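The structure should be kept in view while reading.

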Amino acid sequence: MVQLVPMNDHEFEAFVVVSMRDQARGQVQAGTWRAEDADDNIKQLRAQFLPGGLNTPKHHFYRIEDPTTGNKVGGLWYMENEIEGQNQFFVLDIQIDQAQRRQGYGTQAFYALEEIARHEGVATISLHVFEHNLPARGMYRKLGYEGPGNTLAKNLDR
């Protein structure tokens, strides 16, 4: 299984640049944002979600590494939150490097995250996925994430 290794400052900045760019594109493609507003909206979103950058409380950033080679194959960002008295993880972004896609790294990263969640007593992992992101939706459904619309969740107690 892949290894989740905490990101350093340089990895974090590179990851967040791609994450914010992809989020802006997704919002525009989904019709939620106008293209001309995307840059300003994403700057506000970053300031809101990551006021402390890599050290923002309850936000976790991991480099995804191939266990055999130790090579970086992607990144994962999730935050801890509480809903109705229950601790949860909410995945904000997963990125698998283009050349590494379709090799099971995303699936393995979610299995590794589920192990962390169970170890910390977290029973639910949630995420948002755009309707137009069919490859990701397929992977999440295969992993057992369910829900209406764009918000999917997996109860780890099952």
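## A salt bridge between neighbours

In this predicted model, Asp 22 and Arg 21 form a salt bridge, and their closest N and O atoms lie 2.9 Å apart. Asp 22 has a relative accessible area of 31% and is therefore partly exposed. Arg 21 is likewise classed as partly exposed, because its relative accessible area is 39%.

## Salt bridges across the sequence

Another salt bridge joins the side chains of Lys 72 and Asp 97, with an N to O distance of 3.0 Å. Lys 72 belongs to strand S3, while Asp 97 sits in the loop between S4 and H3, so this pair ties together parts of the protein that are 25 residues apart in sequence. The relative accessible area of Lys 72 is 40%, which makes this residue partly exposed. Asp 97, at 26%, is partly exposed as well.

A further salt bridge is formed by the side chains of Glu 13 and Arg 46, at 3.1 Å from N to O. Here, too, distant parts of the chain are linked: Glu 13 is in helix H1 and Arg 46 is in helix H2, 33 residues apart. Glu 13 is partly exposed, with a relative accessibility of 36%. For Arg 46 the relative accessible area is 25%, and this residue also counts as partly exposed.

## The whole set and a network

How many salt bridges does a search of the whole structure find? The search finds 10. Some of them share partners: in this way Glu 11, Arg 63 and Glu 65 are joined into one network.

## The largest pocket

The largest pocket of the model has a volume of about 1,500 Å³. Its lining consists of 50 residues, and those nearest the centre of the pocket are Asp 93, Ile 94, Asn 133, Ala 136 and Tyr 140.

Which helix or strand supplies the largest share of this lining? That element is H1, which contributes 13 residues. At least two lining residues also come from each of several other elements, including helix H2 (38-49), strand S3 (72-83), strand S4 (86-96) and helix H3 (105-119). Strand S5 (124-128) and helix H4 (134-142) likewise each supply at least two.

By residue class, the lining of the largest pocket is made up of 21 nonpolar, 18 polar and 11 charged residues.

Terms used:
Residues numbered from 1 in each chain as written. Predicted model: local features only at pLDDT ≥ 70, side-chain atom pairs only at ≥ 80, totals over all residues. Heavy atoms only, no water. 1 Å grid on protein atoms, 1.4 Å probe; cavity = no way out; pocket = protein on both sides within 12 Å on 5 of 7 lines; lining within 4 Å. Points joined across faces, edges and corners; volume = space filled by probe spheres on them. Helix = DSSP H or I, 4+ residues; strand = E, 2+ residues; numbered from the N terminus. Nonpolar A, V, L, I, M, F, W, Y, C, P; charged D, E, K, R; others polar. Salt bridge = Lys/Arg side-chain N within 4 Å of Asp/Glu carboxyl O. Buried < 20%, exposed > 50% of the residue type's maximum accessible area, 1.4 Å probe, protein only.
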